[in-house]
Amino acid sequence: MNPNLDSLQPYPFQKLANLFSSVAPNPTYRPISLHIGEPKHATPKLISDALSANLAGLSNYPTTAGSDTLRGSIASWLEQRYDLPALDAKSQVLPVNGSREALFAFAQAVIDRTCNNPTVICPNPFYQIYEGAALLAGATPYFLNTLPEDNYALNFEQLPQDVWQRTQLIYVCSPGNPTGRVIELAEWKTLFDLADRYGFIIAADECYSEIYFDTPPLGALQAAQQLGRGNFRNLVSFFSLSKRSNVPGMRSGFVAGDAQIIEKFKLYRTYHGCAMNPAVQAASTVAWQDEGHVAENRRLYMEKFSLVKRVLEPVLPVALPDASFYLWLHVPVVDTRFAQFLHRDYNVAVLPGSFLARNAHGINPGENFIRIALVAELSETMEAAHRIAEFTRKLN
């Protein structure tokens with residue numbers, strides 16, 4: 001067996017199950033789960049109709065590159081969303097089976113194990129796939145703390161030069177999970193300059209890009225274009241329909257960016273055997289071509305943010321994120337204790353922040369935070385918010 005499997009930590013939700021196993025939830029309340037970022041809004045009918053109408057495609061092997069129609073619809077969406085010049089859909093876009101699968105596979109294709117101690121930089125707190133991808137690719141994860149005193153910015157000065165010299169890949173997430181922060185243009189410029197200096201590749205996870213308040217978040221490709229890097233050198237962005245279009249079970253997304261890197265990634269994926277289902281390709285094409293359902297999806301999230309904020313503000317410091325559907329809240333007791341006793345007393349599941357982070361540079365930046373995913377329908381979300389508020393008042 002691959003010995004690096006022994007280096008993997010339990011997934012955050014397994015840690016949460018273990019934490020909850022020692023307490024029984026109060027049966028007075030029905031269970032409400034806000035711990036996982038799984039959209040609960042209805043899948044748009046236009047997507048499900050397209051999926052069912054194209055089931056005949058199941059009789060054909062799909063190509064790794066996907067259909068010209070799908071790649072064209074993705075390229076058009078990118079051009080309109082980020083005000084980009086015309087992209088080469090054949091060389092700069094590649095469909096993938098959801099961003100999670102691609103984020104993991106990307107490290108396996110990128111990392112050169114013949115180098116001494118190859119390193120992958122991950123934000124901290126972070127999406128645990130980054131760490132697992134690094135470890136199973138034979139690399140060492142190195143964590144870049146994002147802290148409230150820095151407004152969760154990427155403070156690259158934390159990392160010594162010898163780490164940058166070993167770095168082959170950096171994962172960044174914007175809007176961030178769990179903080180919801182959007183990376184600013186000046187940070188992108190610094191990161192691009194570092195990539196040029198040290199030769200590493202940037203994997204930009206942008207799966208939350210379409211869940212925002214008023215202003216569409218700046219994207220990595222957009223930042224590159226604005227900074228004169230129209231060839232997207234050393235940059236690949238990862239997108240998904242799961243959050244944007246409420247189809248997490250469809251497993252559909254794409255990568256876009258540096259054509260040379262994408263060509264190599266496509267070669268890896270050809271052997272990996274992860275071509276997208278033809279019916280899913282057809283449904284994905286329809287999804288990327290429609291913005292009406294996305295606007296309605298945003299409206300539902302923004303309504304929940306506004307109402308939940310009013311309920312929680314009197315008892316917890318609530319700062320709305322730049323984007324995404326998470327609240328990242330500082331709590332008055334240890335985060336694991338808060339989550340465990342909230343589950344015990346009020347039957348609400350939230351995720352302790354320490355489960356989303358690692359001890360790095362002397363701290364665990366997730367400690368004493370919880371992540372709340374506002375994914376349930378409105379009445380259930382509001383019921384959970386009121387229970388959290390009552391629980392917090394009792395703590396105080």
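Author: A patch is made of residues with over 30% relative accessible area and no salt bridge, where like charges are joined within 9 Å and nonpolar side chains (Val, Leu, Ile, Met, Phe, Trp, Tyr) within 5 Å. Accessible areas come from the Shrake-Rupley method with a 1.4 Å probe, and for residues only the protein chains shown count as cover; a salt bridge is a side-chain nitrogen of Lys or Arg within 4 Å of a carboxyl oxygen of Asp or Glu. This is a predicted model, in which local features need pLDDT of at least 70 and side-chain atom pairs count only at pLDDT 80 or more, while totals for chains, interfaces and linings use all residues. Residues are numbered from 1 along each chain as its sequence is written, and side-chain values use heavy atoms, with hydrogens and water left out.

Reader: Which residues make the nonpolar surface patch of about 340 Å²?

Author: One member, Leu5, is found in the segment before helix 1 (12–20), where helices (H or I, at least four residues) and strands (E, at least two) are DSSP runs numbered from the N terminus. At 37% relative accessibility, Leu5 counts as partly exposed, a class between buried (under 20%) and exposed (over 50%), judged with a 1.4 Å probe and protein chains only. The patch of about 340 Å² is made by Met1, Leu5 and Leu8.

Reader: How many disulfides does the structure hold?

Author: A disulfide is counted when a pair of cysteine sulfur atoms lies within 2.5 Å. The sulfur of Cys115 is 18 Å from the closest one, in Cys122, which is too far for a bond. Cys173 is in no disulfide either, as the nearest cysteine sulfur, in Cys207, is 5.7 Å away. The number of disulfides in the structure is zero.

Reader: What is the angle between the planes of Trp164 and Phe200?

Author: Rings of Phe, Tyr and Trp (its six-membered ring) pair if their centres lie within 6.5 Å, and planes under 30 degrees apart count as stacked, over 60 as edge-to-face and the rest as tilted. Trp164 lies in helix 7 (residues 161–166) and Phe200 in the loop between helix 8 (185–198) and strand 6 (201–205), so the pair ties together parts that are 36 residues apart in sequence. Both residues are buried. The pair is stacked, with 5.5 Å from centre to centre and an angle between the planes of 20 degrees.

Reader: How far apart in space are Asn359 and Phe143, C-alpha to C-alpha?

Author: Asn359 sits in the loop between strand 11 (351–352) and strand 12 (369–373), and with a relative accessible area of 62% this residue is exposed. In sequence, Asn359 and Phe143 are 216 residues apart, but in space their C-alpha to C-alpha distance is 8.7 Å.
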